[in-house]
Amino acid sequence: MNHIWPFVRQAAPRLPWFILGILLSVLAVLAAMGLLAAAGWIVAGAASISLLAVGSIELGRSTGLIRGFALTRTLARYAERLVNHEAVLRHLADLRHWLFMRLAPLDPATLARFRSADLLQRLVGDVDTLDGIFLRVITPTLTALFTLLVGAIVLGWLAPLTGLWIIILLAGTGIVLPLVALTMGKPAGEARTIAAAQVRELAIEGVKGLAELRVFGALEKHSQALQSAEANRARAEARLAAWGALGDSAVLLATLGALWLALWLGAAWVANDQLSAPLVVVIVLASLAIGEALLLLPGAFLRIGQINAAAGRLRQISDTTSSLPEAAQPALMPTGEALSIDKLSLSYPGREAVLRQVSFSLKRGRTLLVTGASGSGKSSLAQALLRLVPIDSGEMQIDTTPIEALRYEDLYTLVGVLSQETVLFADTVAGNLRLGKTDASEDELWEALRLAVLDEFIQQLPEGLETPIGEGGALLSGGQARRLALARMLLRQPQIAILDEPYRGLDAGTIDQLNQRLAPWLAQRCVLVIAHEPSMSPPASEHLQLLQGQLTGAAPHGG
Ligand SMILES: Nc1ncnc2c1ncn2[C@@H]1O[C@H](COP(=O)(O)OP(=O)(O)OP(=O)(O)O)[C@@H](O)[C@H]1O
């Protein structure tokens with residue numbers, strides 16, 4: 001239960017909806033009780049002389065009551081479903097957004113603790129499981145308790161002694177059974193949540209890597225792992241269902257006991273003329289209605305373990321903090337005339353230092369090319385400048401402002417990056433470009449595409465800028481996707497540009513065209529290019545090589 005409360009508290013903005021839902025649920029159950037009692041009253045009364053003597057006026061009143069109760073029950077149940085589901089769906093949407101925003105500021109190393117399929121399961125499956133808190137636990141429990149209370153008052157008023165025994169029996173069941181269900185449901189519920197997460201993770205990773213699994217002959221092994229996770233889930237589900245069925249049976253038994261008690265004691269009271277026969281029927285049917293409300297409890301309490309496990313997994317996300325938090329007292333945004341680093345050292349946990357005392361400075365209008373072998377630390381240098389990895393020592397400045405003193409938002413306004421991985425979204429060409437500048441005009445989009453030598457290709461497409469590019473840009477070639485990502489970065493018009501392998505996957509002819517078109521844009525900015533070799537970079541004013549973690553001079557290339 002300890003993981004659930006924070007999420008219950010978070011539902012505060014939706015509380016009026018939930019209260020309305022609970023009131024409607026109680027109303028539906030009360031109407032059902034009234035319906036049973038009134039029907040019992042009529043049937044029993046019609047069979048007795050006393051009611052017939054009263055005549056059709058009394059009968060007419062009672063059938064009117066029945067219609068009223070039946071209508072109220074139907075409408076209240078319908079409205080309760082609408083209100084509760086609306087409230088829960090809104091609450092889950094709030095929660096998903098909140099959790100996503102907790103993930104957003106995490107640095108890549110912290111985020112890498114979660115596998116992407118696992119994160120998806122948490123944001124989708126685990127959040128969905130939380131719908132049970134209100135729909136399947138709190139609302140049914142409060143409804144059952146309220147019904148029990150009303151039942152106790154009614155029975156106590158109609159027949160204090162008989163009512164007392166019945167209520168003791170039913171209330172005992174209503175207290176003991178949920179406690180048993182809570183205890184028994186905990187391990188099975190947790191096992192179900194964990195197994196469901198494993199099933200989804202294996203399924204997602206399997207689909208993503210289907211081609212590789214097939215090529216490497218590992219399909220069978222992966223499918224067995226999936227089957228075994230599915231079997232675990234099914235076992236946990238079956239255990240929950242078995243406990244649920246046992247709980248329901250126990251409630252039914254207790255209800256039958258209450259009915260038997262009501263009939264047995266009632267018959268004695270009728271024989272002694274201390275109670276009328278119709279009243280005994282009302283007591284019997286009221287006990288039946290209470291039993292029906294209690295039927296909600298075992299299932300509700302069985303689910304708590306499962307919901308608690310899902311909530312625990314969500315709290316692992318919400319409690320995770322970035323190892324690179326926002327600047328405590330952010331500096332004013334500099335203009336971005338210069339970029340410099342001084343004696344920068346960086347190492348990853350448990351590894352040798354990647355960068356050792358690296359220094360350089362760069363002014364507007366200059367392009368610095370850093371080359372180096374694979375794994376020499378080029379991308380790590382870019383990541384350090386973007387404050388995506390913690391550094392060991394050294395200083396990084398934009399103009400005279402330390403990079404750590406800038407708000408992330410300001411840093412990313414000043415510094416544009418074309419990262420090594422081409423990340424595109426399943427949207428249109430324009431949709432992907434406008435990630436760089438949301439309010440960009442069509443002219444601006446075409447200008448960015450022209451600079452990235454992609455304008456002619458997009459013009460040929462029947463839907464032009466509105467052409468969907470598929471998941472991750474799957475409907476484009478690798479080189480086209482790269483240039484679309486470049487155009488997106490150019491559109492942002494940053495003062496400092498970091499280009500990590502900008503020409504990866506491009507032919508010499510396209511590179512020449514890009515060099516010509518980009519030259520004026522690059523000439524107005526501080527540019528850091530990272531590449532394996534000079535031919536894969538725009539002309540640079542300076543060229544340094546990263547060798548064993550240190551920057552050493554190299555011959556200038558083309559500029
Ligand atoms: N998050 C990380 N945790 C641990 N080690 C890392 C991490 N990222 C990179 N490394 C290691 O740091 C070293 C430098 O990696 P980096 O990606 O900076 O090299 P690179 O020069 O850009 O390589 P490439 O040209 O192949 O992209 C590598 O040995 C790599 O394994």
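Leu-339 stands opposite Leu-362 in strand 2. The model is predicted: local features need pLDDT of at least 70, side-chain atom pairs count only at pLDDT 80 or more, and totals for chains, interfaces and linings use all residues. Residue numbers start from 1 along each chain as its sequence is written. Helices (H or I, at least four residues) and strands (E, at least two) are DSSP runs, numbered from the N terminus.

Strand 2 runs antiparallel to strand 1 (residues 338-347), and seven bridges join the two; strands are taken to pair if DSSP finds at least two bridges between them. Both belong to an open sheet of four strands in the order 2-1-4-5, with antiparallel pairing. Strand 2 (353-363) and strand 5 (401-402) are the edges of this sheet, and because each has a single partner strand, one side of each is left without a neighbour in the sheet. Helix 13 packs on the sheet and touches strand 1, strand 2 and strand 4 (393-398). The direction of helix 13 makes about 65° with that of strand 2. Contact here requires C-beta atoms, placed from the backbone, to lie within 7 Å. Axes are lines fitted to C-alpha atoms, for helices over the stretch in contact, with angles from 0 to 180 degrees between N-to-C directions.

A further open sheet has six strands in the order 6-7-8-3-9-10, with mixed pairing. Its edge strands, strand 6 (415-418) and strand 10, each pair on one side only. From one strand to the next, the twist averages 20°. Helix 13 packs on this sheet as well, touching strand 3 (367-372), strand 6, strand 7 (496-500), strand 8 (526-531) and strand 9. Its direction makes about 150° with that of strand 7.

Strand 9 (residues 542-547) and strand 10 (residues 550-553) run antiparallel, with four bridges between them. Across this pair, Leu-544 stands opposite Gly-553 and Gln-545 opposite Thr-552. The hairpin of strand 9 and strand 10 has two residues between the strands, and Gln-548 takes a positive phi near 50° there.

Helix 13 (residues 378-385) also supplies three residues to the shell around the ligand, the largest share. The shell holds 13 residues, of which Tyr-348, Ser-374, Lys-378, Ser-379 and Ser-380 come nearest; a residue is near if its C-beta atom, placed from the backbone, lies within 6 Å of the molecule. By class, three shell residues are nonpolar, eight polar and two charged (Ala, Val, Leu, Ile, Met, Phe, Trp, Tyr, Cys and Pro count as nonpolar, Asp, Glu, Lys and Arg as charged, and the others, Gly among them, as polar).

The protein chain is assigned domain 1 (4-186 + 245-318) and domain 2 (338-553), with bounds from an automatic or database domain assignment. The centres of the two domains, taken over C-alpha atoms, are 59 Å apart.

An unreviewed UniProt entry annotates residues 12-32, 133-158, 164-182, 240-263 and 275-297 as "transmembrane region"; such annotations may be inferred rather than shown by experiment, and feature names are shortened, with positions in the numbering used here. Residues 12-32 are 86% helix and 0% strand, with end C-alpha atoms 30 Å apart. For residues 164-182 the figures are 100% helix, 0% strand and 27 Å. UniProt (unreviewed entry) also lists residues 219-246 as "coiled-coil region". That span is 100% helix and 0% strand, and its end C-alpha atoms lie 40 Å apart.

Note on methods:
Contact = placed C-beta atoms within 7 Å.
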